[in-house]
Amino acid sequence: MKRRDFLTTTALSATAIISTGCHRAKENSINDKNININRGKKVTLKLATSWPAHFPIMGTGVDNFAKRCLELSGGTLEIKVFPKNILVPALQVFDSCSAAQIDAFHSGVYYWKGKNPAFSIFGGMPLGLTSEEMLTWLKFGGGYELWREMYAKFNLYPLIGGTTGPQMGGWFKKEIKSLADLKGLKMRIPGLGGEVMKRLGANPVLLPAGEIYTALERGTIDATEWVGPALDTMMGFDKVANYYYTGWHEPGSILEITFNKARWEKLSDEHRAIITSASEEMTGNMLQEFRYENAKAFKNLPSNVEIKTFPKDMMNAAKIALKEIWKDKSKKSEDFKRALKSYRAFYDLNKPYDDISTKNFLEIRS
Ligand code: CA
């Protein structure tokens with residue numbers, strides 16, 4: 001090989017490795033001999049979200065993602081962002097993208113557990129992995145390959161599109177002193193967390209974001225979870241409930257930037273690499289922005305708000321209920337069983353070292 005050829009090949013290989021980031025799946029790596037560069041032809045993609053326009057952190061995160069794709073591609077890759085209900089209702093983005101009515105969407109993975117129960121695992125598990133741990137499982141522990149394989153059946157290609165960090169346990173109008181206080185309690189709580197609450201005697205309900213405040217204010221519901229101090233106070237929950245509980249049900253929820261698979265495969269290698277890099281950047285930025293904004297909002301919580309931790313008997317019952325849910329869903333769904341097996345293998349691998357590194361250090365530091 002001539003020296004100049006060698007240098008060119010090496011440079012391209014390096015670009016490929018950097019661009020595909022940590023989505024390490026084989027099909028995503030670029031064969032440096034056949035790299036398909038977009039030759040200045042402009043591509044425009046329609047992306048619908050499940051959030052209102054420019055919604056803080058999640059919505060502004062996807063706005064920045066689109067901006068970065070345009071910048072990194074020298075203006076050849078335009079992603080037009082459509083907030084919820086403009087092109088598609090918030091919770092129909094999955095079906096619409098699957099049917100190629102839109103090119104892509106930004107949403108939360110656990111919304112689609114009705115399509116396949118395994119999707120709730122890719123979206124995050126109650127009492128399970130934190131955001132940093134979820135990203136590690138997805139990228140290095142085999143989670144992402146399973147997710148991509150299972151989305152392919154819906155003609156979809158997922159990328160990680162952000163993560164929230166640990167979420168708070170929610171706002172309650174009455175204090176929860178023991179497990180028995182959950183009996184008949186009406187709470188807005190989606191996902192596997194809602195299923196656990198149901199087994200603990202509560203009555204989980206689903207409400208669109210726009211209706212939660214009024215329902216809590218009027219007592220139609222007794223409690224709600226949302227995200228964390230920054231977005232929760234923006235919703236005004238601190239004005240209608242006094243007890244703010246620490247989290248357990250969403251320790252590391254994963255958001256997605258998902259593409260119609262056929263559309264994704266028609267993109268140039270260059271555009272796919274740019275989108276992948278921009279999604280990685282977005283994920284890091286969102287996690288850091290959530291941390292910063294939550295810290296600020298927590299500091300400024302009004303004095304009527306009391307921070308509480310759920311009683312021990314409730315959390316013990318939640319752990320048992322979660323394991324029963326795993327058992328039931330594994331019997332019904334082979335995909336859930338496979339995803340759970342991979343998830344738990346990483347959990348077991350990670351925990352011993354995490355306990356003596358992160359957990360131990362946080363205790364020392366405090
Ligand atoms: Ca939540």
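This is a predicted model: local features need pLDDT of at least 70, side-chain atom pairs count only at pLDDT 80 or more; totals for chains, interfaces and linings use all residues.
Me: Why can Q167 and W226 be said to tie together separate parts of the chain?

Reply: Q167 belongs to the loop between β4 (156-163) and β5 (170-172), and W226 to the loop between β8 (223-224) and α9 (229-235), so the pair joins parts that are 59 residues apart in sequence. Q167 and W226 are both buried.

Me: How do you know that R188 and E225 form a salt bridge?

Reply: The test is a side-chain nitrogen of Lys or Arg within 4 Å of a carboxyl oxygen of Asp or Glu. For R188 and E225 the closest N and O atoms are 2.5 Å apart, so the pair meets the definition. R188 is in strand β6 (residues 186-188) and E225 in the loop between β8 and α9, 37 residues apart. Both residues are buried.

Me: What makes K153 and D335 a salt bridge, and which parts does the pair tie together?

Reply: Their closest N and O atoms are 3.0 Å apart, and the limit is 4 Å, so the pair qualifies. K153 lies in the loop between α6 (143-152) and β4, whereas D335 lies in helix α13, so the pair ties together parts 182 residues apart in sequence.

Me: Why is K153 called exposed and D335 buried?

Reply: Exposed means over 50% relative accessible area, and buried means under 20%. K153 has 56% and therefore counts as exposed. D335 has 13% and therefore counts as buried.

Me: How do you know that E293 and K296 are paired, and where do they lie?

Reply: Their side chains meet in a salt bridge at 3.6 Å, N to O, which is within the 4 Å limit. Both lie in helix α11 (residues 269-299), three residues apart, about one turn of the helix. E293, at 26% relative accessibility, is partly exposed, and K296, at 40%, is partly exposed too. Elsewhere, salt bridges that share partners join K67, R68, E71 and E281 into one network. The whole structure has 21 salt bridges.

Me: What makes K312 exposed, and which surface patch includes K312?

Reply: K312 has a relative accessible area of 71%, and the threshold is over 50%, so K312 is exposed. K312, K319, K323 and R344 form a positive surface patch. Helix α12 (residues 312-332) gives the most to this patch, with three residues.

Me: Why is K351 called partly exposed?

Reply: K351 has 35% relative accessibility. K351 is found in helix α13 (residues 334-365).

Technical notes
Residues are numbered from 1 along each chain as its sequence is written. Side-chain values use heavy atoms; hydrogens and water are left out. Helices (H or I, at least four residues) and strands (E, at least two) are DSSP runs, numbered from the N terminus. Buried means under 20% relative accessible area, exposed over 50%, partly exposed in between (1.4 Å probe, protein chains only). Patches are made of residues with over 30% relative accessible area and no salt bridge: like charges are joined within 9 Å, nonpolar side chains (Val, Leu, Ile, Met, Phe, Trp, Tyr) within 5 Å. Accessible areas come from the Shrake-Rupley method with a 1.4 Å probe; for residues, only the protein chains shown count as cover. Lys and Arg count as positive and Asp and Glu as negative; His and the chain ends are not counted. The place of a charge is taken as NZ of Lys, CZ of Arg, CG of Asp or CD of Glu.
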